[in-house]
Amino acid sequence: EKPSLEALERNLTGILNGIREASPLVQVAISTLPPLGEDLKSKSNDLVRQANEVIDRVVKTAGERVTLIPLFAEFETVLEKQRRGWKLPYNYYFLALVIVNPIFHLTTITSWNWLSKLFGYHLLNDGLHLNERGRDILVDLIVDWLIQKNIMKSIAVKQA
């Protein structure tokens, strides 16, 4: 099937309905998509926003046991505060970054944050994958959700 916003909505709704039927008491968190590249005004991010609107709409109709984790909005807030340095649009060198960054990271003692900075990114390593800063934002949002739903208590009891 050709990817579309309609297919996203149908498939996500189907997944959530399946989870609800199989485990009616389970709590589910769904994250919005992160930006594609860090240019928030790009056409790619217009499409990401449209997909996130679909995700938001599906979550709102899924019931009280489904929560939206607003990753895109959190990234947007952080990126709007950052000074913009030099950066080519990611599509010019995306393939090189996807191939070179992992090799460089694995063969040297560098962090994804350092590599990101080298190529003008703040939260993404190559315009697509999260670096440590981006990962930490996502983890913080998930931990906040776990605490809000009092799920941490059940995890701690289960691990003991």
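The protein has 7 helices and 2 strands, where helices (H or I, at least four residues) and strands (E, at least two) are DSSP runs, numbered from the N terminus. Read from the N terminus on, the elements go α-β-α-β-α-α-α-α-α. This is a predicted model, in which local features need pLDDT of at least 70 and side-chain atom pairs count only at pLDDT 80 or more, while totals for chains, interfaces and linings use all residues. Residues are numbered from 1 along each chain as its sequence is written, and side-chain values use heavy atoms, with hydrogens and water left out.

Some overall numbers come first. Of the 160 residues in the protein, 32% are buried; buried here means under 20% relative accessible area, exposed means over 50%, and partly exposed is in between (1.4 Å probe, protein chains only). The protein exposes about 10400 Å², and carbon and sulfur atoms supply 61% of that area, as computed by the Shrake-Rupley method with a 1.4 Å probe, with only the protein chains shown counting as cover for residues. As for contacts (heavy atoms within 4.5 Å), residues 24 or more positions apart account for 63% of those with a separation of 6 or more.

Now to the strands. Strand 1 and strand 2 run parallel and are joined by 4 bridges; two strands pair if DSSP finds at least two bridges between them. One of the partners is Ile-69 in strand 2, which bridges to Ser-31. Together with helix 2, the two strands make a right-handed β-α-β unit, right-handed meaning that, with the strands pointing away from the viewer, the path from the first strand over the helix to the second runs clockwise. Strand 2 also holds Thr-67, which counts as buried because its relative accessibility is 16%. Leaving aside neighbours within four places in sequence, Thr-67 is in contact with Val-28, Ala-29, Ile-30, Val-59, Trp-145 and Lys-149.

Helix 3 (residues 71-81) comes next, with Leu-71, Phe-72, Phe-75 and Leu-79 buried. Seen down the axis of helix 3, these buried residues fall within an arc of 90 degrees, so they line one face of the helix; the arc is that of the directions from the helix axis to the C-beta atoms. Their cover includes strand 1 (28-31), helix 2 (43-62), strand 2 (66-69) and helix 6 (132-148). On the other side of helix 3, Glu-80 and Lys-81 are exposed.

The whole structure has 6 salt bridges, each a side-chain nitrogen of Lys or Arg within 4 Å of a carboxyl oxygen of Asp or Glu. Among them is the pair of Glu-9 and Arg-57, with the closest N and O atoms 3.0 Å apart. This pair links distant parts of the chain, as Glu-9 is in helix 1 (residues 5-22) and Arg-57 in helix 2, 48 residues apart. Glu-9 counts as partly exposed at 28% relative accessibility, and so does Arg-57 at 40%.

Another salt bridge joins Arg-49 to Asp-46, with 3.5 Å between the closest N and O atoms. These two are 3 residues apart in helix 2, so about one helical turn separates them. Arg-49 is partly exposed, with a relative accessible area of 25%, and Asp-46 is partly exposed at 37%. Asp-136 and Arg-135 also meet in a salt bridge through their side chains (2.9 Å, N to O). Elsewhere, salt bridges that share partners join Asp-46, Arg-49 and Glu-76 into one network.
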